Amino acid sequence: TLIAVLAVGVSVVGYHALRFVRSCATLDGAREAVEAHVRGKQVRRIARVLKTADREILAARTAVRVTALTCGPSLLGGMTCRTRYVVNGQSVGMEASDHYFRVNYSLVAGWQATSATETSGLRYSLTPCRCSWAADGR
């Protein structure tokens with residue numbers, strides 16, 4: 001029975017260690033998914049305000065760059081990330097505040113990030129074992 005308890009303990013710790021390593025190894029994919037999500041949201045917002053249908057031109061002129069990203073495995077699968085970003089060189093909102101995203105992955109595509117959705121900071125605060133990435137100032 002002691003061996004069974006140790007085996008279960010090692011497998012639980014190993015499972016969470018693998019999720020942490022995968023989260024750290026896929027931060028670049030998470031950054032790209034967040035940038036694509038924010039770019040799409042900005043293009044939809046601008047198109048609605050300008051009443052234009054040519055979203056391809058707006059998308060080409062909308063540059064989104066994540067400046068800081070901290071992610072960890074979500075308890076519900078995927079990753080939960082806290083991020084800061086700029087749109088066309090300008091911080092978004094009244095001040096450079098944190099934005100929270102849930103990033104989903106496709107196991108079939110080799111843990112490639114498939115989508116990002118905005119979420120609350122509460123989900124991020126429940127995320128264990130976080131990895132961070134910051135822009136190099138370019």
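With which residue does Lys-41 form a salt bridge? Select Lys-41 together with Glu-118: the two form a salt bridge, and their closest N and O atoms are 2.6 Å apart. The term salt bridge denotes a side-chain nitrogen of Lys or Arg within 4 Å of a carboxyl oxygen of Asp or Glu. Lys-41 belongs to helix H2 and Glu-118 to strand E5 (residues 112-118), so this pair ties together parts that are 77 residues apart in sequence.

The model is a predicted one, in which local features need pLDDT of at least 70 and side-chain atom pairs count only at pLDDT 80 or more, while totals for chains, interfaces and linings use all residues. Residues are numbered from 1 along each chain as its sequence is written, and side-chain values use heavy atoms, with hydrogens and water left out.

**The whole chain**

Display the protein as a cartoon. Four helices and six strands are present. Read from the N terminus, the order of elements is α-α-α-β-β-β-β-β-α-β. Helices (H or I, at least four residues) and strands (E, at least two) are DSSP runs, numbered from the N terminus. Of the 138 residues in the protein, 31% are buried. Here buried means under 20% relative accessible area, exposed means over 50%, and partly exposed lies in between (1.4 Å probe, protein chains only).

Next, select Arg-44, Arg-45, Arg-48 and Arg-55, which gather in a patch of positive charge on the surface. Such patches are made of residues with over 30% relative accessible area and no salt bridge; like charges are joined within 9 Å, and nonpolar side chains (Val, Leu, Ile, Met, Phe, Trp, Tyr) within 5 Å. Lys and Arg count as positive and Asp and Glu as negative, whereas His and the chain ends are not counted. Each charge is placed at NZ of Lys, CZ of Arg, CG of Asp or CD of Glu. The accessible areas come from the Shrake-Rupley method with a 1.4 Å probe, and for residues only the protein chains shown count as cover.

Which element gives the most to the positive patch? Helix H2 (residues 27-50) does, with three residues. Arg-48 has its place in this helix, and Arg-48 is exposed, its relative accessible area being 59%. Then select Arg-31, Glu-32 and Glu-35, which are linked in a network of salt bridges.

**Strand E1 and its partners**

Select strand E1 (residues 64-73). Seven of its ten residues are buried, so E1 is largely enclosed by the rest of the structure. E1 and strand E2 (residues 79-87) run antiparallel and are joined by nine bridges; two strands pair if DSSP finds at least two bridges between them. To locate this pairing, select Arg-65, whose bridge partner in E2 is Val-86. E1 also pairs with strand E6 (residues 131-134), in the antiparallel sense, over four bridges.

Move to the loop between E1 and E2, where Gly-78 lies. Is Gly-78 buried or exposed? Gly-78 is buried, with a relative accessible area of 15%.

**Asp-98 and two arginines of E2**

Select Asp-98 with Arg-84. These residues form a salt bridge, with the closest N and O atoms 2.6 Å apart. The pair links distant parts of the chain, since Arg-84 is in strand E2 and Asp-98 in the loop between E3 and E4, 14 residues apart. Arg-84 is partly exposed at 35% relative accessible area. Between Arg-84 and Ala-68 the C-alpha to C-alpha distance is 5.2 Å, with 16 residues of separation in sequence.

Arg-82 is partly exposed, with a relative accessible area of 29%, and Asp-98 is partly exposed, at 27%. In total, the structure holds five salt bridges.

**Last stop: Asn-88**

Finally, select Asn-88, in the loop between E2 and strand E3 (90-91). Asn-88 has a positive phi of about 55 degrees, although it is not a glycine. With a relative accessible area of 42%, Asn-88 is partly exposed.
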